[in-house]
Amino acid sequence: MKLAANSFILLVTVMLSFSSCVSRRKIAYLQGEGEQNLDLENNVKIKPDDVLTIRVSTEEPDAAIPFNLIKSAGQTGIPGNIELETYLVSNEGNIIFPVVGEIKVTNLTNIELAERIKTKISDYVKDAIVNVRILNFKISVLGEVNSPGTFVIEDDHITLPQALGLAGDMTIYGKRKNILVARQIKGKQVRKYVDLRDADVVSSPYYYLQQNDIVYVEPVGARRQSASFLGTASSYLSLASVIISTIVLITNN
């Protein structure tokens, strides 16, 4: 029994040594001072096949009616809870807007498009307020995260850390230095690896995500090789129980 006890102590010591050897450098996010970029902003651009809602508001509600596509016919005013029809951006990058006709919208932010529409309708209404939203703004987070999935972003604005937060953050087995962001640019998929441990990541064009981006957190090598057999505390305990039982049987015989 003394041999069994000594073997158990040795086994626990080995397991603890493996579980405590992960350095801060491999785990912590945004290490170092980093470059301070106070002008950094979200530059999400409207793309073909985007789905938009456009709401025009004025001091005189009736004046805004011709410029709002309302789903429920017969409405006489544009209160905030009225549901609007959507605009599908064509392959050529255009929408057909009431009264003013075709408008080129691709490569504009929602704020830039709002200003363009405000200018185009200025001959009809003064001091209009135009709000543009991208309804199909969604991102997918896959791999070594706690809650992978596809998430709809309501405010057209999300950073890479925020996306990981929606997915429950990375597991301990995720590669912090190699987070893949896949993005469609001009009809082609572009892939970029981002090191989230580096404070300068905030200056990366992939720090702010765009509609339909895919974020993939790759597992560390040890995770792949172990195939999860020795990746949990229960596996260690099961292995320890088998070894101790074997030692007890040997020493009792």
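## Salt bridges

This is a predicted model, and a search through the whole of it turns up four salt bridges.

Select Lys175 and Glu218. They form a salt bridge, with the closest N and O atoms 3.6 Å apart. Lys175 sits in strand S8 and Glu218 in strand S10, so colour both strands: the pair links distant parts of the chain, 43 residues apart.

Stay with strand S8 and pick Arg183. Its salt-bridge partner is Asp213, and here the closest N and O atoms are 2.8 Å apart. Arg183 belongs to strand S8 while Asp213 lies in the loop between S9 and S10, so the pair ties together parts that are 30 residues apart in sequence.

Now go to Asp195 and Arg197. This salt bridge has its closest N and O atoms 3.0 Å apart. Asp195 is partly exposed, with a relative accessible area of 23%. Arg197, at 11%, counts as buried.

Gln211 counts as buried, at 2% relative accessibility.

What does Gln211 touch, beyond residues up to four places away in sequence? Show Val44, Lys45, Ile46, Lys47 and Asp50, then Ile134, Asn136, Phe137 and Lys138. Zoom in on Lys45: its backbone oxygen lies 2.9 Å from a polar atom of the Gln211 side chain.

## Aromatic pairs

Switch to the rings. The whole structure contains four aromatic pairs. Select Tyr87 and Phe97, which are stacked: 5.9 Å centre to centre, with 25 degrees between the planes. Tyr87 is in strand S2 (residues 87–88) and Phe97 in strand S3, so this pair ties together parts that are 10 residues apart in sequence. Tyr87 counts as buried, at 4% relative accessibility. Phe97 is buried as well, with a relative accessible area of 1%.

Compare Tyr207 and Tyr208. Their ring centres are 5.6 Å apart and their planes stand at 85 degrees, so the pair is edge-to-face. Tyr207 is buried, with a relative accessible area of 12%. Tyr208 counts as buried at 15%.

Centre on Leu164. Leaving aside neighbours within four places in sequence, its contacts are Val141, Val145, Asp169, Met170, Ile179, Leu196, Val215 and Val217.

Most residues other than glycine have a negative phi. Asp169 has a positive phi, near 70 degrees. Find this residue in the loop between H5 and S8. Asp169 is partly exposed, with a relative accessible area of 31%.

Move to Asp127, in the loop between H4 and S5. Its phi is also positive, at about 55 degrees, although Asp127 is not a glycine. At 65% relative accessibility, Asp127 counts as exposed.

## Confidence

Finish by colouring the chain by pLDDT. The average is 79, and 66% of the residues score at least 70. Select residues 18–25: pLDDT is below 50 there, and the stretch has four contacts in the model beyond near neighbours in sequence. Then select residues 27–41. Here pLDDT stays under 50, and the model has 31 contacts beyond four places in sequence.

Key: Residues are numbered from 1 along each chain as its sequence is written. This is a predicted model: local features need pLDDT of at least 70, side-chain atom pairs count only at pLDDT 80 or more; totals for chains, interfaces and linings use all residues. Side-chain values use heavy atoms; hydrogens and water are left out. Contact means heavy atoms within 4.5 Å. Rings of Phe, Tyr and Trp (its six-membered ring) pair if their centres lie within 6.5 Å; planes under 30 degrees apart count as stacked, over 60 as edge-to-face and the rest as tilted. Helices (H or I, at least four residues) and strands (E, at least two) are DSSP runs, numbered from the N terminus. Buried means under 20% relative accessible area, exposed over 50%, partly exposed in between (1.4 Å probe, protein chains only). A polar contact is a pair of N or O atoms within 3.5 Å; within protein, one must be able to donate a hydrogen and the other to accept it, and residues adjacent in sequence count only if both atoms are side-chain atoms. pLDDT is the predictor's confidence in each residue, from 0 to 100. A salt bridge is a side-chain nitrogen of Lys or Arg within 4 Å of a carboxyl oxygen of Asp or Glu.
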